[in-house]
Amino acid sequence: MIQERTLPDFNATTAQITKEEGLRIYEDMVLGRLFEDKCAEMYYRGKMFGFVHLYNGQEAVASGVIKAMRPGEDFVCSTYRDHVHALSAGVPAKEVMAELFGKATGCSKGRGGSMHMFSAEHRLLGGYAFVAEGIPVAAGAAFQTKYRREVMGDETADQVTAAFFGDGACNNGQFYETLNMAALWKLPIIFVVENNKWAIGMSHERATSVPEIYKKASAFGMVGVEVDGMDVLAVRSVATDAVLRARAGEGPTLIEALTYRFRGHSLADPDEMRSKEEKEFWFSRDPIKKFAAYLVEQNLASQEELKNIDRKIQATIDEAVQFAESSPEPDPGELYRFIFAEDE
């Protein structure tokens, strides 16, 4: 039986999106989807090892939030489902793919793999294997922004941090402790709950006494918003508001994006817990198909323009695989490098 919450209404005509913005967001979403599809292929061909958690179906959340931020300036903190967050933050596809292959040219020098993407250049604070582990790290980044501005007098310090995590993390103590501190200190941070209804094999409705996660923000005097996580324009709208609040010194926002992962928890998951009925219900709400239809209906793009983007992204991903396959393995002589800070 599908237990479905009524999603908030969103009038796309109020989005005021330009053709350039629309195509940029569409390209980002397609990049995430096709990249993950290629990851599945490479994993089953034995090119990747360990746990690999794919993001298929949730692209509207990453694109809607991260593309509402300033690239290379604002901070993004991810989870173990981090490939697409890295791509949306601007990390080149070839560096993400090389990391998945465990190569020295990867964004984490081949030391992190699927769950530990990192890029200082792109302000990606990392992927984290433990549930809720990245939430306090994100708060630390937001705190240093506030400290530099208010204590050290750095007027350029107006960066916003986005912390992504799943519904399962919201039953973890770090979630509540960090929200409390962020509200007390009015930190410039956005907490983004990607509620895909399942924490591995545990249904969200069975795991929490209050399924509406966004309502928990009220306990801390924080703005809490529920949004259709399958609608990139709806996500972009609430994210834009949250970014403006954070940058203006008005404190944090908790965004609950109702979304769904189209694949199992990881590529090692046979995905037998979720019903066929539930999956088909959510497949029909594919965020990329939905956004593509909107762009065409609003005369912001033609079918041919969208197909050209699809072909362009596929070529980018094919090049990323070639780059990863031809890249060198990490040098064993550098085994202990990057453990401690190095002199510049």
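Rings of Phe, Tyr and Trp, the last represented by its six-membered ring, are treated as a pair if their centres lie within 6.5 Å, with planes under 30 degrees apart counted as stacked, those over 60 degrees as edge-to-face and the rest as tilted. By this criterion Phe143, Tyr147 and Trp185 form one aromatic cluster, and the structure holds nine aromatic pairs. The model is a predicted one, in which local features need pLDDT of at least 70 and side-chain atom pairs count only at pLDDT 80 or more, while totals for chains, interfaces and linings use all residues. Residues are numbered from 1 along each chain as its sequence is written, and side-chain values use heavy atoms, with hydrogens and water left out.

Among the aromatic pairs, the rings of Tyr260 and Trp282 have their centres 5.3 Å apart and their planes at 10 degrees, so this pair is stacked. The pair links distant parts of the chain, since Tyr260 lies in the loop between S7 and helix H9 (276–283) and Trp282 lies in helix H9, 22 residues apart; helices here are DSSP runs of H or I with at least four residues, strands are runs of E with at least two, and both are numbered from the N terminus. Tyr260 is buried, with a relative accessible area of 0%, and Trp282 also counts as buried, at 1% relative accessibility, where buried means under 20% relative accessible area, exposed means over 50% and partly exposed covers the range in between, all for a 1.4 Å probe and protein chains only. Phe262 and Phe283 form an edge-to-face aromatic pair, with 5.0 Å from centre to centre and 85 degrees between the planes. This pair too links distant parts of the chain, with Phe262 in the loop between S7 and H9 and Phe283 in helix H9, 21 residues apart. Phe262 counts as buried at 14% relative accessibility, whereas Phe283, at 35%, counts as partly exposed.

The buried residues of H6 are Phe175, Thr178, Leu179 and Ala182. They cover an arc of only 105 degrees around the axis, which puts them on the same side of H6, the arc being that of the directions from the helix axis to the C-beta atoms. On the other side of H6, Glu177 and Leu184 are exposed. The buried residues pack against helix H5 (134–150) and against the strands S2 (161–166), S3 (189–195) and S7 (253–258), with contact taken as heavy atoms within 4.5 Å. Just after H6, Lys186 takes a positive phi of about 50 degrees.

Helix H2 (residues 59–66) presents another pattern of burial. Eight of its eight residues are buried, so H2 is largely enclosed by the rest of the structure.

Two loop residues can be followed in the same way. Thr79 lies in the loop between strand S1 (75–77) and H3, and counts as buried at 15% relative accessibility. The side chain of Thr79 reaches the backbone nitrogen of Arg81 at 2.9 Å. Not counting residues up to four places away in sequence, Thr79 touches Met115, Gly127, Tyr128, Phe164 and Phe165. Val91 is found in the loop between helix H3 (83–88) and helix H4 (93–100), and counts as buried at 2% relative accessibility. Leaving aside neighbours within four places in sequence, Val91 is in contact with Ala86, Val96, Cys107, Ser119, His122 and Leu124. The C-alpha atoms of Val91 and Met117, 26 residues apart along the chain, are separated by 9.4 Å.

Cys107, one of the contacts of Val91, leads on to the cysteines. The structure holds zero disulfides, a disulfide being a pair of cysteine sulfur atoms within 2.5 Å. The sulfur of Cys107 is 12 Å from the closest cysteine sulfur, in Cys39, which is too far for a bond, and Cys107 is buried, with a relative accessible area of 12%. For Cys77 the closest cysteine sulfur is that of Cys107, at 14 Å, again too far for a bond; Cys77 is buried, with a relative accessible area of 1%.

Conventions:
A polar contact is a pair of N or O atoms within 3.5 Å; within protein, one must be able to donate a hydrogen and the other to accept it, and residues adjacent in sequence count only if both atoms are side-chain atoms.
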